[in-house]
Amino acid sequence: MRGLGYIAASILFVFGLKMLSSPVTARRGNLVSALGMLIAVGVSFTAMAQIRWVWLLAGVGVGAAVGALAARLVQMTAMPEMVGLFNGFGGLASMLVGWAEFHGAWAQGTEIHLFTRTAILLTVLIGGVTFTGSLVAYGKLSGRVRGKPILYKGQNLVNAVLVLAAIALGALFSIGVVDGNLAYVLLLGVVALSLTLGVTSTIPIGGADMPVVISLLNSYSGLAACAAGFTINNNVLIVSGALVGASGLVLTKIMCKAMNRSLANVLFSGFGAAAGSRGAGYQGQAHPISSADAYLILEAANSVVIVPGYGMAAAQAQHAVGELVELLEKNGADVKYCIHPVAGRMPGHMNVLLAEANVPYEQLVEPQDVNPTMETVDVAVVIGANDVVNPAAKEDRNSPLWGMPIIEVDRARTCIVLKRSLNPGFAGVDNPLFFKSNTRMLFGDAKATITSLVAEFKP
Amino acid sequence: MIVELNATTLSLLFFVFVLAMFLGVELIRKVPSQLHTPLMSGSNAISGITIVGALLAMGHDQSGIAVLVLSALAVAFATINVVGGYLVTDRMLGMFKSKDKDGGKP
């Protein structure tokens with residue numbers, strides 16, 4: 001019976017994920033997946049020799065209350081840090097499962113050997129790294145920790161030593177030459193090392209690379225659950241953990257490709273540490289305009305492409321942008337939003353924000369849909385995006401962005417850039433777009449600027 | 001209770017693991033980029049499956065207080081993941097609207 005229940009749960013997870021591939025079925029897919037979880041949990045009760053209601057209700061009650069509150073209260077702009085934090089909780093839960101199982105065996109003097117010990121080790125190691133790595137990612141995304149990479153001399157060496165130490169302790173633990181208390185000490189050592197490693201390996205990664213990092217941590221949280229499945233001999237943990245692990249890996253790969261960087265480069269290079277000192281230091285005359293000038297340009301436009309970036313999220317400008325676009329459409333213009341895969345702080349970040357502002361998803365397109373016909377676009381409006389529209393990626397072989405697929409707004413007839421200042425983006429790379437003859441700079445807070453544009457349109 | 005893994009069980013579990021990874025890659029590759037955030041929070045909720053492990057650890061016949069504390073903590077964190085993950089994904093997907101329905105009005 002239990003086996004059948006777990007198989008049913010696994011099938012529901014697979015269907016749920018499959019239904020997530022279309023916006024029409026996605027919401028039902030999520031419910032299907034939740035039903036699978038309900039079955040898996042329900043079936044597990046039949047396997048419990050004793051149900052300790054006080055402990056159970058305490059754990060479930062606190063968890064459900066915190067989870068439900070967080071899910072209801074979180075702002076859409078804060079989704080990346082919340083997903084980051086949840087990843088971490090998943091990793092921590094798996095680590096605790098591995099630990100509890102080992103403790104139980106240790107307390108009763110049960111002998112456990114190579115395979116199971118290795119599974120426990122991996123559960124604790126991956127879970128621990130996921131937990132503290134996610135806490136750092138959460139800190140960076142929510143602004144509690146500086147977003148810039150934190151670098152020091154010999155950093156990669158320190159991390160390498162930590163990894164080697166974890167492997168050494170882990171190997172000693174797994175091969176089972178030590179027993180009982182000493183094995184426990186080794187495991188606690190691995191717990192400490194994994195928690196440390198999660199922090200030290202995430203702090204050198206900059207804010208703009210967070211889409212990659214949270215995708216990777218998402219994968220880790222799945223793999224930790226998977227390792228827990230090996231520990232307790234449970235297929236449903238292995239299948240679901242592997243699905244999540246694969247999902248995170250696919251997203252990681254998509255994000256890396258969209259930035260034309262390797263995963264190793266994202267993780268170890270400290271990209272974006274030296275703000276303003278990279279790139280050619282482009283010289284030239286920027287053309288600042290007022291919102292009244294911008295209104296005149298937009299009022300005359302027949303086709304408009306909006307390119308949102310993290311700046312739109314930071315300024316909470318999505319609703320104002322949605323309103324402006326409705327007015328532009330009433331004015332007879334054809335308007336599309338072009339979303340770069342790494343715009344914002346997590347995969348799909350901009351899509352969620354614009355969905356919140358009631359923008360229909362058909363209006364959101366990808367760079368490859370817009371770039372070929374960019375010459376026919378009257379106005380491209382860049383709202384708080386920077387690196388994803390930086391023409392240096394195509395023009396300057398020495399630029400750190402060289403080769404990254406961008407949204408080629410510089411080829412539109414006119415390009416209006418909404419920005420606070422001429423400062424470079426998070427990657428710290430200067431942007432020659434700002435000095436092009438067809439670029440107009442509209443300085444100021446994105447939300448305030450758009451609101452004043454909306455006011456101009458209203459009679 | 002930990003059931004010692006032997007080589008046969010291990011290879012069977014590993015077989016399941018590898019196939020599930022391939023299945024996962026094939027499934028996720030088809031998800032369009034506009035749904036990447038809900039995909040992430042939804043798969044995050046699935047990784048809360050570790051709650052099953054936590055419940056089983058809590059339900060062992062003779063669990064000392066330490067095991068109960070560790071597993072209750074595991075249950076709590078996994079529940080945050082499951083409940084929070086599914087609810088927030090539902091909330092997000094509820095906002096995704098098509099043009100046909102109501103012209104994007106709330």
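Analyst: What follows is a set of questions and answers on this predicted model.

User: What makes up chain A, and why is chain A called as compact as a globular protein of that length?

Analyst: Chain A has 17 helices and six strands. Along the principal axes, the C-alpha trace of chain A spans about 80 × 50 × 35 Å.

User: How does chain B stand against a compact globule of 106 residues?

Analyst: Such a globule would have a radius of gyration near 13 Å, whereas chain B has 19 Å. The C-alpha atoms of chain B fill a box of roughly 60 × 35 × 15 Å along the principal axes. Chain B comes to five helices and zero strands, and its elements run α-α-α-α-α from the N terminus on.

User: What share of each chain counts as buried?

Analyst: A residue is buried if 20 or more other C-beta atoms lie within 10 Å of its own. By that cut-off, 56% of the 459 residues of chain A count as buried, and 61% of the 106 residues of chain B do.

User: What share of the contacts in chain A with a separation of at least 6 joins residues at least 24 apart?

Analyst: In chain A, 80% of those contacts join residues at least 24 apart in sequence. In chain B, residues 24 or more positions apart account for 67% of the contacts with a separation of 6 or more.

User: What is the strand order of the open sheet in chain A, and why do strands S3 and S6 of chain A stand at the edges?

Analyst: The sheet has six strands in the order S3-S2-S1-S4-S5-S6 (chain A), with parallel pairing. Strand S3 (364-365) and strand S6 (439-443) of chain A each have a single partner strand, so one side of each is left without a neighbour in the sheet.

User: How do you know that strands S1 and S4 of chain A are paired?

Analyst: Two strands pair if at least two bridges are found between them. Five bridges join S1 (residues 303-308) of chain A to S4 (residues 379-383) of chain A, and these strands run parallel; the count meets the cut-off, and therefore they are paired. One of the residues involved is Val305(A), whose bridge partner in S4(A) is Ala380(A). Helix H13 (residues 318-330) of chain A packs on the sheet, where it touches S1, strand S2 (334-338) and S4 of chain A. The direction of H13(A) makes about 170° with that of S1(A).

User: Where is Asn358(A), and why does Asn358(A) count as partly exposed?

Analyst: Asn358(A) is in the loop between helix H14 (349-356) and S3 of chain A. With 18 C-beta neighbours inside 10 Å, Asn358(A) counts as partly exposed, because a buried residue needs 20 or more. Its phi is near 65°, a positive value in a residue other than glycine.

User: How many residues of domain 2 of chain A are in contact with domain 3 of chain A?

Analyst: 20 residues of domain 2 of chain A are in contact with 19 residues of domain 3 of chain A. By class, that side of domain 2 has 14 nonpolar, six polar and no charged residues. The assignment places domain 2 at 76-268 and domain 3 at 291-457.

User: How many residues of chain A are in contact with chain B, and which helix gives the most to that side of chain A?

Analyst: 103 residues of chain A are in contact with 87 residues of chain B. H4(A) gives the most to the side of chain A that touches chain B, with 20 residues. By class, that side has 65 nonpolar, 31 polar and seven charged residues. From chain B, Val16(B) in helix H1 (residues 7-29) of chain B is in contact with Asn235(A), Ile238(A) and Val239(A), leaving aside its neighbours within four places in sequence.

How values were computed
Residues numbered from 1 in each chain as written. Chains lettered and ligands numbered in written order. Predicted model: local features only at pLDDT ≥ 70, side-chain atom pairs only at ≥ 80, totals over all residues. Helix = DSSP H or I, 4+ residues; strand = E, 2+ residues; numbered from the N terminus. Contact = placed C-beta atoms within 7 Å. Axes fitted to C-alpha atoms, helices over the stretch in contact; angles between N-to-C directions. Domains from an automatic or database assignment. Nonpolar A, V, L, I, M, F, W, Y, C, P; charged D, E, K, R; others polar. Buried ≥ 20, exposed ≤ 12 C-beta atoms within 10 Å, placed from the backbone. Rg over C-alpha atoms; globule rule 2.2 N^0.38 Å.
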